[in-house]
Amino acid sequence: QVQLVESGGGLVQPGGSLRLSCAASGRIWSINAMGWYRQAPEKERELVAAIPSGGNTNYAASVKGRFTISRDNAKNMLYLQMNSLKPEDTAVYYCNAIIKTTRYSYGMDYWGKGTLVTVSS
């Protein structure tokens, strides 16, 4: 079994910063790509940022220059540093990872339960 658990959400004023964390645990052989998604009320879930196991990151145009995604492979952790937050960043943020549970298994898609970020004065 694999679990992804997000933390770090909360209420912040416009212009403020938050750092989200995602901890992957359980039967993990390797983690391939990881990413953060978000879903605002009455909107579809969208990709915020993604980071492969080794390579270039990519970001949604709306967050580029303000958010930074990073990972600690030794600790199976994923992070999202969010600066210059805007009210339109308000959403539930979800951690996603492609994880192999054995050496010979295919990578499977796993999701956390989400953490709420509210940007409001």
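Biologist: Leaving aside its neighbours within four places in sequence, which residues is leucine 80 in contact with?

Modeller: Keep in mind that this is a predicted model. Leucine 80 is in contact with Leu18, Arg19, Leu20, Trp36, Val48, Ala49, Phe67, Thr68, Ile69 and Tyr93, once neighbours within four places in sequence are left aside. For contact, heavy atoms have to lie within 4.5 Å.

Biologist: Which members of the largest nonpolar core touch the most other members?

Modeller: Those are Trp36, Leu80, Met82 and Tyr93, out of 31 residues in that core. Strands 1, 3, 4, 5, 7, 8, 9 and 11 each give two or more residues to this core. Strand 9 gives the most, with five residues.

Biologist: What makes strand 1 and strand 7 edge strands?

Modeller: Look at the open sheet first: four strands in the order 1-3-8-7, with antiparallel pairing. Strand 1 and strand 7 each have a single partner strand, so one side of each is left without a neighbour in the sheet. Neighbouring strands here are turned by 15 degrees against each other on average, direction ignored.

Biologist: How do you know that strand 1 and strand 3 pair?

Modeller: A pair needs at least two bridges, and strand 1 and strand 3 have six, in the antiparallel sense. You can follow some of them: valine 2 has glycine 26 as its bridge partner in strand 3, and valine 5 stands opposite alanine 23. Strand 3 also pairs with strand 8 over six bridges, again antiparallel. There, leucine 20 stands opposite leucine 80.

Biologist: How do you know that strand 5 pairs with strand 6?

Modeller: Two bridges join strand 5 to strand 6, and they run antiparallel. The rule asks for at least two, so the pair counts. Alanine 49 stands opposite tyrosine 59 in strand 6. Alanine 49 is also the bridge partner of tryptophan 36. As for strand 4 and strand 5, five bridges join them, also antiparallel. Their hairpin has six residues between the strands, and glutamate 42 there takes a positive phi near 65 degrees.

Biologist: Why is the pair of tyrosine 37 and tryptophan 111 called edge-to-face?

Modeller: Two checks. Ring centres must lie within 6.5 Å, and planes over 60 degrees apart count as edge-to-face. These centres are 4.9 Å apart and the planes are at 65 degrees, so edge-to-face it is. By this rule the count comes to one aromatic pair. Tyrosine 37 belongs to strand 4 and tryptophan 111 to strand 10, 74 residues apart, so the pair links distant parts of the chain.

Biologist: Why is tyrosine 37 called partly exposed?

Modeller: Buried means under 20% and exposed means over 50%, with partly exposed in between. Tyrosine 37 has a relative accessible area of 23%, so partly exposed is the label. Tryptophan 111, with 35%, is partly exposed too.

Biologist: What makes tyrosine 106 exposed, then?

Modeller: Its relative accessible area is 76%, and the cut-off for exposed is over 50%. Tyrosine 106 is in the loop between strand 9 and strand 10. Neighbours within four places in sequence aside, Ile99 and Lys100 are in contact with tyrosine 106. Tyrosine 106 and proline 87 are 19 residues apart along the chain, yet 39 Å separates their C-alpha atoms.

Biologist: How do you know that the charged end of arginine 19 sits over the ring of tyrosine 79?

Modeller: The distance to the ring centre has to be within 6 Å, and the charge has to be within 35 degrees of the ring normal. For arginine 19, the distance is 4.1 Å, and the charged end does sit over the ring. Arginine 45 lies over the face of tyrosine 94 as well, at 3.8 Å from the ring centre.

Biologist: What makes the phi of asparagine 76 worth a look?

Modeller: Most residues other than glycine have a negative phi. Asparagine 76 is not a glycine, but has a positive phi of about 55 degrees. Asparagine 76 is in the loop between strand 7 and strand 8. Serine 84 also has a positive phi, near 50 degrees, and is found in the loop between strand 8 and strand 9. At 41% relative accessibility, serine 84 counts as partly exposed.

How values were computed
Residues are numbered from 1 along each chain as its sequence is written. This is a predicted model: local features need pLDDT of at least 70, side-chain atom pairs count only at pLDDT 80 or more; totals for chains, interfaces and linings use all residues. Side-chain values use heavy atoms; hydrogens and water are left out. A nonpolar core is a set of buried Ala, Val, Leu, Ile, Met, Phe, Trp, Tyr and Cys residues joined through side-chain atoms within 4.5 Å. Buried means under 20% relative accessible area, exposed over 50%, partly exposed in between (1.4 Å probe, protein chains only). Axes are lines fitted to C-alpha atoms, for helices over the stretch in contact, and angles run from 0 to 180 degrees between N-to-C directions. Rings of Phe, Tyr and Trp (its six-membered ring) pair if their centres lie within 6.5 Å; planes under 30 degrees apart count as stacked, over 60 as edge-to-face and the rest as tilted.
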